[in-house]
Amino acid sequence: GTGALVSNAIIEGAKSTANGGYGLNIMSNSWGVGENGADSTIAGFTGILHDAVVFANNNKVTFISSRGNDGNDVAKYPACYSDQLVINVSASGTDGQYKSTNNGDNWWASSYGKNVDIMAPGTTEIVTTLQSGTNGYRTFNGTSSSTPHVAGVAALMMSYLNNPNMPNASANLAPEDVEAILQYSATDKGTPGYDDYSGCGLLNAG
């Protein structure tokens, strides 16, 4: 879609239902465009897309975005907007390490750097999803599969912590809280501590 369509969708999703929006708590974004070149005009990198992501953050939406599958550190957006706006997700391979061409799906590698926050499964060997229109499953890969893993865990966390019947319940789990808990609980991979490939480590739903 055009920059205007994508940006409007983000804004409508982030608006409260009282203001005619959908009142979303989480947005999972398995797409991205570069800063330069033809694709930048598609998503409106230079203005309206960024403004829409800021709007979502101001409305307390946890905005999660795929880093990309180019195997380099070239920025893609919205994943690479400033860290406080977006949870930036890279992919892991069959061994739970950064997804290179040597650990599943040998034709692609995860992009890295530019504020990667966390890593999640991204190969056809270990990722399946319900197949639309059938009773079966299909394989699924890329940071486009890593991102909904993170969104799903964020949703589980929110549903638990925002449930008044649960101990230590909190009705105010802000995006920065979600990000901090995900990062703190991640399983460290690669270089000890934070690194540009796995961020704070591999997503840990437990």
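Which residues of H5 are buried? In this predicted model, in which local features require pLDDT of at least 70 and side-chain atom pairs count only at pLDDT 80 or more, totals for chains, interfaces and linings use all residues. Residues are numbered from 1 along each chain as its sequence is written, and side-chain values use heavy atoms, with hydrogens and water left out.

The buried residues of H5 are Pro175, Val178, Glu179 and Leu182, where buried denotes under 20% relative accessible area, exposed over 50% and partly exposed the range in between (1.4 Å probe, protein chains only). Helices (H or I, at least four residues) and strands (E, at least two) are DSSP runs, numbered from the N terminus. Viewed down the axis of H5, the buried residues fall within an arc of 95 degrees and therefore line one face of the helix; the arc is that of the directions from the helix axis to the C-beta atoms. The elements that cover these buried residues include helix H3 (48-58), S3, S5, S6 and H4.

The chain contains 5 helices and 8 strands, arranged along the sequence in the pattern α-β-β-α-α-β-β-β-β-β-β-α-α. Of its 206 residues, 45% count as buried. Among contacts in the chain with a separation of 6 or more, 62% are accounted for by residues 24 or more positions apart, a contact being heavy atoms within 4.5 Å.

An open sheet is formed by 4 strands in the order S1-S3-S5-S6, with parallel pairing; two strands are taken to pair if DSSP finds at least two bridges between them. Strand S1 (26-29) and strand S6 (118-121) stand at the edges with a single partner strand each, so one side of each is left without a neighbour in the sheet. On average, neighbouring strands of this sheet are turned by 30 degrees against each other, direction ignored. The axes are lines fitted to C-alpha atoms, for helices over the stretch in contact, and angles run from 0 to 180 degrees between N-to-C directions.

Within the sheet, S1 and S3 pair in the parallel sense over 4 bridges, and Met27 has Phe63 as its bridge partner in S3. Strand S3 (residues 62-66) is in turn joined to strand S5 (residues 87-92) by 3 bridges, and these two strands also run parallel. Across this pairing, Ile64 has Ile87 as its bridge partner in S5, while Ser66 is partnered by Val89. Strand S3 is largely enclosed by the rest of the structure, because 5 of its 5 residues are buried. Thr62, Ile64 and Ser66 point one way from S3, whereas Phe63 and Ser65 point the other way.

Ile26 lies in strand S1 and counts as buried, with a relative accessibility of 18%. Although 38 residues separate Ile26 from Ile64 in sequence, their C-alpha atoms are 7.5 Å apart in space. Leaving aside residues up to four places away in sequence, Ile26 touches Val61, Thr62, Ile64, Ala151, Ala154, Ala155 and Met158.

The largest nonpolar core comprises 18 residues, and those with the most contacts inside it are Ile64, Ile87, Ile118, Val150, Val178 and Leu182. Such a core is a set of buried Ala, Val, Leu, Ile, Met, Phe, Trp, Tyr and Cys residues joined through side-chain atoms within 4.5 Å. Two or more residues of this core are given by each of S5, S6, H4 and helix H5 (175-185), and the largest share, 7 residues, comes from H4. Val178 touches Thr62, Ile87, Ala154, Met157, Met158 and Leu173, again not counting residues up to four places away in sequence. A second, separate core of 17 residues includes Ala52, Ala79, Cys80 and Leu85.

Helix H4 (residues 143-161) also contains Ser145, which counts as buried at 0% relative accessibility. Beyond residues up to four places away in sequence, Ser145 touches Pro121, Gly122, Val127 and Phe140.

The cysteines were also examined. Cys80 is buried at 10% relative accessibility, whereas Cys200 is partly exposed, with a relative accessible area of 23%. The structure holds 0 disulfides, a disulfide being defined as a pair of cysteine sulfur atoms within 2.5 Å.
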